[in-house]
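Hi,

Here's the structure I promised to pass on.

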Number of protein chains: 2
Amino acid sequence: MADKKLVESITSMEEDFAQWYTDVVKKAELIDYTSVKGCMVIKPAGYAIWENIQKNLDAMFKETGVQNVYLPMFIPESLLEKEKDHVEGFAPEVAWVTHGGLNELQERLCVRPTSETLFCDFYKNDIHSYRDLPKVYNQWCSVVRWEKETRPFLRSREFLWQEGHTAHATFEDAEARTIQMLNVYADFCEKVLAIPVIKGRKTDKEKFAGAEATYTIESLMHDGKALQSGTSHNFGDGFAKAFGIQFADKDNTLKYVYQTSWGMTTRMIGAIIMVHGDDSGLVLPPKIAPTQVMVIPIQQKKEGVLDKAFELEGILKSNYRVKVDDSDKSPGWKFSEQEMRGIPLRVEVGPKDIEAGKCVICRRDTREKTEVPFDQLDAKVGEILEQMQSDMLERARAHRDEHTYVAHNYDEFTGIFNEKAGFVKAMWCGDQACEDKIKEDLSVTSRCMPFEQEQISDTCVCCGRPAKKMVYWGRAY
Amino acid sequence: MADKKLVESITSMEEDFAQWYTDVVKKAELIDYTSVKGCMVIKPAGYAIWENIQKNLDAMFKETGVQNVYLPMFIPESLLEKEKDHVEGFAPEVAWVTHGGLNELQERLCVRPTSETLFCDFYKNDIHSYRDLPKVYNQWCSVVRWEKETRPFLRSREFLWQEGHTAHATFEDAEARTIQMLNVYADFCEKVLAIPVIKGRKTDKEKFAGAEATYTIESLMHDGKALQSGTSHNFGDGFAKAFGIQFADKDNTLKYVYQTSWGMTTRMIGAIIMVHGDDSGLVLPPKIAPTQVMVIPIQQKKEGVLDKAFELEGILKSNYRVKVDDSDKSPGWKFSEQEMRGIPLRVEVGPKDIEAGKCVICRRDTREKTEVPFDQLDAKVGEILEQMQSDMLERARAHRDEHTYVAHNYDEFTGIFNEKAGFVKAMWCGDQACEDKIKEDLSVTSRCMPFEQEQISDTCVCCGRPAKKMVYWGRAY
């Protein structure tokens with residue numbers, strides 16, 4: 001039995017989801033608050049998840065030919081201002097450096113909120129001919145956006161992310177890369193994080209400042225709120241014209257390049273918590289869990305028990321990320337800690353088990369227990385981890401589908417959002433005025449125009465005029 | 001024969017070492033300059049070296065129990081000011097954020113030049129009992145120091161590094177960790193980067209702002225100038241007292257913790273260039289080279305040549321980082337590029353080789369060529385890479401030893417520094433006035449008091465009073 005004390009100290013999800021989230025983030029030791037308002041410390045248990053996200057995603061990037069680079073964290077104000085829409089989108093929320101050492105700077109520098117302008121400035125010098133294309137660069141770094149309201153992982157003044165920036169000879173090449181990276185994000189979310197996503201395009205109102213088209217993957221949290229989980233932008237040649245990035249094509253004429261950018265952030269750690277967590281704490285998908293198996297000895301002071309626990313660790317460690325909890329806490333307390341931290345499996349082993357030549361595997365998500373002879377442990381752990389990974393995805397998909405509704409008219413639409421939480425599929429005329437009214441009335445935004453369109457009705461759910469697109473609507477983090 | 005054009009475009013080392021360095025950095029495509037004064041773009045070829053440095057060093061850290069975390073990039077002015085020596089050392093060279101979005105901040109924030117103060121602020125809340133100790137945390141991040149004169153990798157306003165910060169129950173534990181990490185750095189430099197180092201302690205004049213003792217590893221560049229390559233600091237309980245970091249010890253009394261910090265930076269890429277490079281460009285030690293082997297087809301349009309080149313890549317790629325250069329450039333140009341980029345081995349294969357069932361391996365450092373039958377290629381490449389790695393270390397060590405001199409008195413000392421470049425071993429009385437005079441007279445600084453002391457003479461090389469320590473002196477980057 002898990003010790004109740006640790007668990008009782010967190011609020012239940014049903015009672016207060018926001019407080020549950022904050023409790024889990026603290027008790028699973030992912031985050032600490034700091035003296036720097038709106039910024040956080042990512043503690044070892046949280047950062048290890050980010051390291052695994054980086055490792056997996058970076059390998060997927062490199063398979064598609066991505067190369068990593070590092071650009072400065074500062075952007076001179078004049079550079080930020082070169083693309084009109086972009087500066088309007090970002091200038092209100094950047095941090096400004098005005099002094100270097102003891103001197104005031106001649107031109108102030110913003111701390112990068114994103115690096116399109118820096119990449120453009122770089123590509124302008126680095127691209128000369130069609131032979132230099134495509135450029136498919138990415139950087140792992142931190143960015144700063146001066147948010148007023150912050151929440152651990154989901155919205156903070158500084159966060160970690162990767163930002164890919166590419167340049168191509170044609171619009172088609174840029175569009176293909178934009179979609180390719182969206183698909184990488186979707187695969188990563190579903191296969192590694194066990195989070196199902198909706199792929200689609202953002203409306204003009206919701207697209208990235210300076211983009212011609214923004215594509216997004218949207219996921220649904222346990223409380224029915226949406227989370228934008230990754231975006232991929234096609235800039236056309238807008239930035240290239242603003243920055244003068246030209247290349248000599250095969251036909252010997254000078255042409256502007258076409259560009260893309262795409263990013264995923266530490267907010268995905270928030271998504272893992274809010275999609276998979278439960279009232280005992282975090283539940284980590286096996287593929288991303290820094291520790292996949294915790295071996296917990298029972299009556300560890302009895303002769304042979306600790307030895308056996310380390311022997312099992314020895315058996316498992318060539319194939320899995322495994323640890324033994326040999327601290328002097330009670331087994332119940334150790335169970336609670338392992339559950340709070342979301343470690344996918346625990347292996348319990350005590351004197352009676354040893355006598356019987358077996359141990360017990362307990363799954364974090366279902367609490368299902370399986371007795372396993374020692375000589376079958378390695379294979380069984382693999383099997384259960386794989387099953388758990390796939391069950392978590394299916395459970396999240398079922399939850400999302402159960403919380404995805406359809407509205408044919410505004411009465412139905414408002415009715416659903418007043419009573420329930422989730423995605424609503426409904427038609428839209430294409431006019432931003434309807435998005436504005438829906439946001440004003442219900443605090444609901446268009447999440448995306450999904451690639452998989454359905455014809456829910458013929459008319460816009462808001463204004464009744466002829467419909468152009470089906471949209472996923474939701475309240476978002 | 002390597003094509004001369006690419007090579008002729010770089011200045012020779014003997015003629016102008018500084019210009020040679022700048023040429024290599026540009027031509028090997030490691031760096032680009034930016035519109036942000038004093039900041040640089042680390043291009044794919046440069047960043048891939050940093051990724052390998054990170055991978056190797058991070059694994060070595062984790063073997064000693066280090067855990068990674070991430071702390072904010074901003075430090076409130078009041079926090080920076082808490083430790084008197086520390087703020088005096090850093091305040092003159094930090095960048096200040098004064099505005100967030102459209103508002104002026106109530107308190108200005110500096111962009112971290114180093115994170116002792118943030119770690120202290122974090123540890124103050126995170127450490128309560130002796131059970132919480134030691135804390136052995138590290139972060140990989142960028143830092144900013146508002147330097148006036150900058151040089152690629154060696155000194156820039158923003159650079160990448162890792163900074164480890166630990167907290168311990170006793171002074172002895174802190175001292176042991178300080179020395180342990182210095183040894184990790186020394187091992188890394190010698191075994192992975194093939195750069196020999198002198199281990200020692202900094203004089204008080206040269207130690208880190210706020211440290212009780214700073215230990216360093218010092219290496220010698222090809223031009224005879226010294227490079228501080230990694231430092232490890234023991235803070236005693238100075239920061240703990242300034243920040244109030246206390247723990248309840250086993251005896252139930254409250255005690256201050258003892259702390260350390262240690263860092264290594266992207267300047268090590270500069271060290272690799274300046275220790276191993278030659279007039280054809282970069283020479284990368286095999287263990288750190290992003291590409292270890294470049295297969296270059298000769299007469300690649302002839303039937304079977306490209307196929308064979310890719311077949312050789314296939315044979316090698318399970319054990320080595322290997323690529324084929326199948327671009328439409330001439331073999332000579334490809335040789336020059338592979339040499340400029342410092343790729344340790346090239347494998348040449350053409351129609352005649354194929355007929356004879358063999359290819360040619362050419363070592364980047366010595367240009368030595370070895371004919372190898374195809375079926376022995378995999379083993380031979382491993383053997384040559386290993387030999388090259390060890391030869392590079394021995395060559396660098398021999399160069400350093402040939403450029404390490406001994407001075408018994410000030411005449412000898414000034415004579416050497418006026419005519420030669422390198423380390424000078426000489427005795428010192430322990431008085432900072434002598435260091436000041438030597439710096440004033442010769443632009444020479446004390447690099448370290450080496451752990452391996454020798455008794456060169458009985459008197460200080462500068463003032464003639466009784467000597468306390470042997471010091472390595474040099475002109476430094």
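**Where the two chains meet**

Counting between chain B and chain A gives six salt bridges. One salt bridge to look up pairs A:Asp126 with B:Lys43, where the closest N and O atoms are 3.0 Å apart. Before you go further, keep in mind that this is a predicted model.

There are also 23 residue pairs in polar contact between chain B and chain A, with both residues at pLDDT 80 or more. On the side of chain B that touches chain A, strand β5 (residues 95-100) gives the most, with six residues. Sorted by class, that side of chain B has 30 nonpolar residues, nine polar ones and 12 charged ones.

How many residues are in contact? On chain B it's 51 residues, and they touch 51 residues of chain A. The area buried between chain B and chain A comes to about 4300 Å², and carbon and sulfur atoms give 62% of that.

Now find strand β5 (residues 95-100) in chain A. Five bridges join this strand to β5(B), and the two run antiparallel.

**A covered strand in chain B**

Next, go to strand β23 (residues 469-474) of chain B. Is this strand mostly covered or mostly open? It's mostly covered, as five of its six residues are buried.

β23(B) pairs with strand β21 (residues 423-428) of chain B in the antiparallel sense, over five bridges. Within that pairing, B:Ala426 has B:Val471 in β23(B) as its bridge partner. Strand β22 (residues 445-450) of chain B also runs antiparallel to β23(B), joined to β23(B) by three bridges. There, B:Cys448 has B:Tyr472 in β23(B) as its bridge partner.

One bit of background for looking at strands: in a regular strand, side chains alternate between the two faces of the sheet.

**A threonine in a chain A loop**

Last stop: A:Thr203, in the loop between β9 (198-201) and β10 (213-220) of chain A. Why does A:Thr203 count as buried? Its relative accessibility is 1%, and buried means under 20%, so A:Thr203 falls in that class.

What does A:Thr203 touch, leaving aside its neighbours within four places in sequence? The residues in contact with A:Thr203 are A:Trp428, A:Glu435, A:Ser446 and A:Met449. With A:Glu435 there is a polar contact of 2.7 Å between the two side chains.

Cheers

How values were computed:
Residues numbered from 1 in each chain as written. Chains lettered and ligands numbered in written order. Predicted model: local features only at pLDDT ≥ 70, side-chain atom pairs only at ≥ 80, totals over all residues. Heavy atoms only, no water. Contact = heavy atoms within 4.5 Å. Buried area = accessible area lost by both parts, 1.4 Å probe. Salt bridge = Lys/Arg side-chain N within 4 Å of Asp/Glu carboxyl O. Polar contact = N/O pair within 3.5 Å; in protein donor to acceptor, adjacent residues only side chain to side chain. Helix = DSSP H or I, 4+ residues; strand = E, 2+ residues; numbered from the N terminus. Nonpolar A, V, L, I, M, F, W, Y, C, P; charged D, E, K, R; others polar. Pairing = 2+ DSSP bridges. Buried < 20%, exposed > 50% of the residue type's maximum accessible area, 1.4 Å probe, protein only.
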